[in-house]
Amino acid sequence: MLRQGLGRRHGPRRIPLAGVATALALLLVPARPAGAFPHVVRAGETLAQIAERVYGRVEMEQILVSANALDAGRGLSIVPGMRLEIPSVGHHRVAAGETWTSLADTLLGHPDRSDVLALTNEAKPWIQPTEGQEIRVPYNLRYVAGPGDSTLTVAYRFLGQRDKAWMLDRYNRLGGEALQRGDVVLVPLTELELTAEGKALAASAGALVRSEGAGRAREAQRRVDTDLPQLAADVRNGRYVDAVARASRMLGSGDLSRTQLAQIHQRLVEAYVALDAQGLAETSCLAWREADPAIVLDPIELSPKIVRACTNASTLGAAAPPPSVIPSASASAAPTAPRRAPAGGR
């Protein structure tokens, strides 16, 4: 029997033996998940050579084999002119209102895969992504189980760890049932970093969406997440000039999320107020409020100087702040509920 889809009871249905040949034939047509790109085989190329060029590792040949159903039946050889699908991790910029559940449904085919999507991005599944955040999207590799295959063997073969078998079981909604020959299993792959030559091939194919920009933006956001605690420490310990310099570097590092912009501009307000730079404090507070329009400036919790700077900032109207402090256009939408501004400042 061949099982396809999401899992029995709640998912995969069994297909009669007469449909096995048709189902395997369909597997020969590669899917087009986010991040994959085509490659036309050249004369003299082997899968091992392609894997080394694209991923820098010969052993990634098995990924190419499964992604292109070259292990169907007795196995298929590649020939010059054959079109292959090269798996790669995709990227997605989070829009307003999107959650891990809705993103998993859209990008991975089912909302129950939200935990895997969150963990792929070093996030907690119960803490939702923020607008403007750039996330990685796993490549869903299709694997047809053979004799003796189990979630343990599949997890070890493609994920390098047998203890991830539970994740494959849940991801495919198998309900703990053993794999049978012909079962179709989706394996979410995240370790698919491309070499410089691989990125060049993807760019020339025109199919790796925002490959360079996506990677740079995500790395910038990750660096800022790492630097935010140090920025807060600079302000807390009176290193205001250092805080201003650090915040400026962070703002210039890339396209940041709305939450990151709000946190950086908040610290800039506190630093500028402490340095008696009233005009700069007002400009930074305007940028802070544009990044997070729902903040509540509590005069009991905040210093009078911060309240005054932000009150004056509200009268600036549409006056544009300098480029070093202006938030990105993606940071203009407001959250659904007001949020009280944290205490701080001098």
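In the predicted model, strand β6 (residues 134–137) is covered on both faces. Glu134 and Arg136 are buried on one side of this strand, and Ile135 and Val137 are buried on the other. In a regular strand the side chains alternate between the two faces of the sheet. Strand β6 pairs with strand β5 (residues 90–93) in the antiparallel sense, and the pairing comprises 4 bridges.

For the protein chain as a whole, 13 helices and 10 strands were assigned. Of its 346 residues, 47% are buried. Among contacts with a separation of 6 or more, 71% are accounted for by residues 24 or more positions apart.

Helix packing was examined for α10, α11 and α12. The axes of α10 (residues 240–251) and α11 (residues 258–274) are 9 Å apart, and the two helices pack at an angle of about 150°. Because angles over 145 degrees count as roughly antiparallel, α10 and α11 are assigned to that class. Their crossing is left-handed. On the α10 side the contact is made by Tyr240, Ala243, Val244, Ala247, Met250 and Leu251, and on the α11 side by Leu261, Ile264, His265, Leu268, Ala271, Tyr272 and Ala274. By class, these residues comprise 12 nonpolar and 1 polar, with no charged residues.

Helix α10 also holds Arg246. This residue has a relative accessibility of 18% and therefore counts as buried, the cut-off for burial being under 20%. When neighbours within four places in sequence are left aside, the contacts of Arg246 are with Asp227, Gln230, Leu231 and Asp234.

Helix α11 also packs with helix α12 (residues 278–291), the axes coming within 8 Å and crossing at roughly 160°. This angle makes α11 roughly antiparallel to α12. The crossing of α11 with α12 is left-handed. From α11 the contact draws on Arg258, Leu261, Ala262, His265, Gln266, Leu268, Val269, Tyr272 and Val273, while α12 contributes Leu280, Ala281, Ser284, Cys285, Ala287, Trp288 and Ala291. These residues divide into 12 nonpolar, 3 polar and 1 charged. Leu261, His265, Leu268 and Tyr272 of α11 take part in the contact with α12 and are also listed in the contact with α10.

Ala262 is one of the α11 residues in the contact with α12.

Terms used
Residues are numbered from 1 along each chain as its sequence is written. This is a predicted model: local features need pLDDT of at least 70, side-chain atom pairs count only at pLDDT 80 or more; totals for chains, interfaces and linings use all residues. Side-chain values use heavy atoms; hydrogens and water are left out. Axes are lines fitted to C-alpha atoms, for helices over the stretch in contact, and angles run from 0 to 180 degrees between N-to-C directions. Angles under 35 degrees count as roughly parallel, over 145 as roughly antiparallel, 65 to 115 as roughly perpendicular and the rest as oblique. A crossing is left-handed if the near helix is turned anticlockwise from the far one by less than a right angle, and right-handed if clockwise. Contact means heavy atoms within 4.5 Å. Ala, Val, Leu, Ile, Met, Phe, Trp, Tyr, Cys and Pro count as nonpolar, Asp, Glu, Lys and Arg as charged, and the others, Gly among them, as polar. Buried means under 20% relative accessible area, exposed over 50%, partly exposed in between (1.4 Å probe, protein chains only). Two strands pair if DSSP finds at least two bridges between them.
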